[in-house]
Amino acid sequence: MSIFPSQQKQLRPSQVQTNIETTQASTSLPISAKSASSVGSSSQQGSPIMSPDTAVLTNSSSIQASPESVRELDEDQCPPNFQLPESIVSRKTSCNSLGQSLMNHSSAIPETPGTGVAPSTTNQKSSLIRRISSRASRRLTTGRRQSSAAPTSRDASVGPCLLRRRSDSNTTAPPDFPPVAVESESDADEREEARLFRAVGGHDASIRSASTAGSTTDSAAEEPNTMDAPTVPPGLQRGTWVVKVSKKSRPKRVCLVYDPDSSKLTWDKKRPNKFIHLDEVLAVRSGSDVRQYGIDLNRPEAEGLLFTIIYSVPKKSDSKIMHLITESPDICNVWTKFLDDMLKHRQELMTSLMAFNNDAIAQYWQSEMARQYGDQPRSSGHEELDVAGVKRVCQKLHIYSSQATLEANFHQSDVRRRERLSFSEFMDFLRRMKQRPEIQRIIRSIAKHPEAGITMDEFLDFLRDYQGEDVDSNRGAWEKEFTRLIRKSGTDRSETGRPDGQMMSEAAFIGYVSSKHNGPLVEEPQEYTLDRPMNEYFISSSHNTYLTGRQIAGTSSVEGYISALVQGCRCVEIDCWNGPNGQPKVTHGQTLTSNVSFREVLVVIKKYAFVKTLFPLWISLEVRCSEEQQRVMAVILREVFGSQLIEEPLASNIDMLPSPSQLLEHVLVKVKKPRELQGFESMGRRRGNSLTSPMMRPTVPENTVPAPSQSLPQSPMLSPSHSSRRLASKNRVNTIAEGRVTDLLNGHTSDNDSGSDAGSFDTDNTVKALGQLGVYCAGVKFNGFDTPEAKEFNHIFSFQESTLQKNSRTKEMKMALDLHNMRYLMRVYPDPTRVQSTNFDPLMYWRRGVQMAALNWQSNDVAMQVNRAMFDGRTDSSGYVLKPPVLRNIQVLPFNLEIAGGKKERSVVSFSIDVLSAQQLMRPEKLGANKAMHPYVEVEVFDGRANCIRDPRTESIVHVDNPLKAQTEIVRENAFNPTFNEGQFRFKITTKYPEFIFVKWTVKLSPNGESNNGNSKDIYGIASWTAKLANLRQGYRTIPLENEKGEQYLFSTLFCRIQVDPIAKTMVATPRSKQEVNRLKGLGGKVFGRMDTSPRSSLDRGSVEKTSFESAT
């Protein structure tokens, strides 16, 4: 059953750990209400109409458009005292009301803010160059360079275009100030659907029940109008004194102002080009989230006064941060709550507008009329738009279509033949523009009378036959959903009011196929159990989580942990080094990266650890601290996590790893095993030993009997006799580090993750107080798979990628890895040579059973997209994916003559992807203003073959194009609703691991509307999405799209039909191993006196047929 439960996956405020120590007062915030200034805060001032040639759309602007520059701020705009309106002072504080607290400030603006920072001097004479520069900047109407996709003023767009993650809100992430229970109309619909699903499906609990019990969506009596904007406190419009602080410049006392007409934050009246548009704001942080920023800025006393705005800059990939210190916690609270409410409102309004909701379009029409006519008296009959105005509106609404199409629909809608459209004619114009012929074809195929609509029985048959939904067991729920869709679309044609008399219109049917309930992934169940031992799961893991950029000179920040945790990461890494004042710090040692406090990192981790899922979190510690600071680390860990920290084995898991469900909402530590707790020390161990080399065997006293394997049979390649035969080879070289140069790069032993030893303390000398916390994840050095420490149930081996690659080339090496990873944990992390924070292909290591493939989450490359898809959908959203059976247990197969003859059993996976259409594609910023958009869609399949995922490090050296790739035709000059007639693709893959098949959709633009040559530098992707085939739902599905940073668009989607055939089994011939082929080639040269000079490869990796897209792995 896949209807309705997706709303349970949204992050709720109560899902976050809130028992964090804080000194801030608990205060109240204003609820959403109608704007104090105007409905929708639309400008009432006249302004010239922009020409359609210059008014190109951007993705960061406001629905309250105003092309004029920011008005000059008078000196008295910052009032002597900041007083909130009575309607906002609605909740009690610990002492006095919010308004009374603010009124108790001095009647005059103090010379310095409450932090005691001296204001910057302004009476000093400026140099001649500075005065000339200031005059020039004041004459500019727009100070920032506009992107090609932006209008003359960024104020002329309609709202945000990217989905704002719940964690980016200071109130939906762990609230330092409790949020007000407010419910929108859409929330009420979701609550109704949730109740309906629970009542019919019997799901009355969730895996997040402990955290979501207090969800505000379960209690609301009324449904406020979603078109109402949050109240703008007059004090924020007049401005409040704050101190703007940063590391690069001196503190500056400024007056922070919110302008509701332009939706901008300004702070310098002499420099109108200095502002932050509300649609550029990515996140607002305050409270414990900015405590580290206070330390970095040397303002620890500003806790409760400091809030941080993270925002994007047009045409720049990196975001910026602005730190502001207010005069009181109350003012800080008002600013952060208002910004969060306004950002949420703008996103909801933009979603309704781009869905062409009648109320949203009506409100937008009024804002356009206000811009066009200003304060001039007018009647509704005089409110019209000419063709130029309609084109301008289309650009604002992201309707990128050809001029011919726009003009043709304009003239068809102009029934009065006045060359101008009234509101009703404009609505008819939008109806014509958003027609979807592919939807009409579906309706004609399922409805007996398509012109009248779809009956309930026809709709249920469609769900059953095309969508693969389990309708019969939940018929009542689907019948009510049918009625709800009709009611929501406003096209209820029932005269009797009975369900059997209702007909679903095209608009209602589009409402279903484009809703989240028709998403492409199987939703996460409401409740489930992960009851297998930890070693039988792949675990979503991060490498150097604290970094937000490059490995050598990047920035360390708690933002990395927030981002990873809210996306479901279950293993974060902390590199700990000696810090000042006896307190450990987190940094990438011996590099130019900055550092953050170990304590503050843990505080943030605790706060966000269980926002996405309640399943246990692993903290991978890379310890480079002195023994004294190691003991401090242990104390801090216990103080921050308290009872959530696992310090002792469970009574039922003394000699085996527990299951994820046994440790819900608990934190586990991965740390190197203390020396005094190790059974023995390896003798003569040096870096670079092969995983199967006999030189890695430790010297053990004769009277010491190695502990037998608990569950693994002794592998023949690890036997002494076999090892001695391997040692006899004269030409055998070190397989981990061949030569001194590679030894410097790849010589890290197991559980040595940081990649920089110089200046650090002995990593083997972990103190007992800290090492004892590695209850279920004790890191040990690798000395072989048959050593006693390799048989301990709670050990883990950590390798960098190149080490593991070099030691998994032969069949024997791969078998040794597979056997180990069936019972014990292993972690692999990127090479230190990946200075740009690129990622390896995780499929290579998942196929070897490695549980923790730690990636650089700050890089949204293809490898990271596949990693996110791995842990998305079904129970995989928990951050734990159950391994395929072949990687969990030794498979014992009945006797088969073909297997005895050398063949192997493989799975045949056949599926088809039909790309039907795209909707409301975003115009890229780098596209020239005079260039049209010619989109096409590329579908690519990754199945775990070598080099199927490109590695940026080697792409310029070895380029292997993926044969499992198909492209649609190019649709010229239509990015609003392109329909593809040549998008039917069928794939057939023969593989050992059908669980490791991933599909990636990429929307690309042709530079000329004719060529889609993949080697052209002018072709680039504008949006993509990746999913695991096993988690895809069949039928007609709406595919979400993301930008190059992995941020989901609010309204850009693909519409596809997905069909997956049942998996079949087949027997394939086993190709000779590379070693066997080399031996035969050498033998032929010796016997016949010749060498093989054939250019063909000696190893057939599988046939690929271009037309049917077949692959064998």
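## Ground rules

The model is predicted, so local features need pLDDT of at least 70 and side-chain atom pairs count only at pLDDT 80 or more, while totals for chains, interfaces and linings use all residues. Residues are numbered from 1 along each chain as its sequence is written, and side-chain values use heavy atoms, with hydrogens and water left out.

## The chain as a whole

Let's start with the overall picture. The protein chain has 27 helices and 30 strands; these are DSSP runs numbered from the N terminus, with helices being H or I of at least four residues and strands being E of at least two. Of its 1113 residues, 56% are buried. Here, buried means under 20% relative accessible area, exposed means over 50%, and partly exposed is in between, with a 1.4 Å probe and protein chains only.

The accessible surface of the protein chain is about 47700 Å², and carbon and sulfur atoms account for 50% of that. Accessible areas come from the Shrake-Rupley method with a 1.4 Å probe, and for residues only the protein chains shown count as cover.

## Salt bridges

Side chains of opposite charge can pair when their charged atoms come close. The structure holds 40 salt bridges, each defined as a side-chain nitrogen of Lys or Arg within 4 Å of a carboxyl oxygen of Asp or Glu. One of them joins the side chains of Arg392 and Glu368, at 3.1 Å from N to O. Because Arg392 sits in helix α9 (residues 387-396) and Glu368 in helix α8 (residues 358-373), this pair ties together parts that are 24 residues apart in sequence. Arg392 is buried at 1% relative accessibility, and Glu368 is buried at 3%.

Another pair is Glu384 and Arg418, whose side chains meet at 3.4 Å, N to O. Glu384 lies in the loop between α8 and β8 (385-386) and Arg418 in the loop between α10 (403-413) and β9 (420-421), so the bridge ties together parts 34 residues apart in sequence. Glu384 is buried, at 5% relative accessibility, whereas Arg418 is partly exposed, at 47%. Both belong to a network of salt bridges that links Glu384, Arg416, Arg418, Arg420 and Glu425.

Arg475 is partly exposed at 32% relative accessibility, and Glu479 is partly exposed at 26%.

## Packing around helix α15

Helix α15 (residues 506-513) has Ala508, Phe509, Ile510, Tyr512 and Val513 as its buried residues. Their packing partners are the helices α12 (437-446), α13 (456-465) and α14, together with the strands β27 (1035-1042) and β28 (1048-1060).

## A positive patch

On the surface, Lys248, Arg271, Lys274, Lys316 and Lys320 gather in a patch of positive charge. Patches are made of residues with over 30% relative accessible area and no salt bridge, with like charges joined within 9 Å and nonpolar side chains (Val, Leu, Ile, Met, Phe, Trp, Tyr) within 5 Å. Lys and Arg count as positive and Asp and Glu as negative, while His and the chain ends are not counted; the place of a charge is NZ of Lys, CZ of Arg, CG of Asp or CD of Glu. Lys316 is in the loop between β6 (306-311) and β7 (320-325), and is partly exposed at 48% relative accessibility.

## Loop residues worth a look

Most residues other than glycine have a negative phi. Asn544, which is not a glycine, has a positive phi of about 45°. Asn544 lies in the loop between β10 (537-539) and α16 (559-566) and is buried at 1% relative accessibility. Glu665 also has a positive phi, near 60°. Glu665 lies in the loop between α18 (627-641) and β15 (667-672) and is partly exposed at 22% relative accessibility.

Val835 is in the loop between β18 (825-829) and α24 (843-846), and is partly exposed with a relative accessible area of 34%. Leaving aside neighbours within four places in sequence, Val835 is in contact with Arg550, Gln551 and Ile552. Val835 and Gly554 are 281 residues apart in sequence, but their C-alpha atoms are 9.5 Å apart in space.

Terms used:
Contact = heavy atoms within 4.5 Å.
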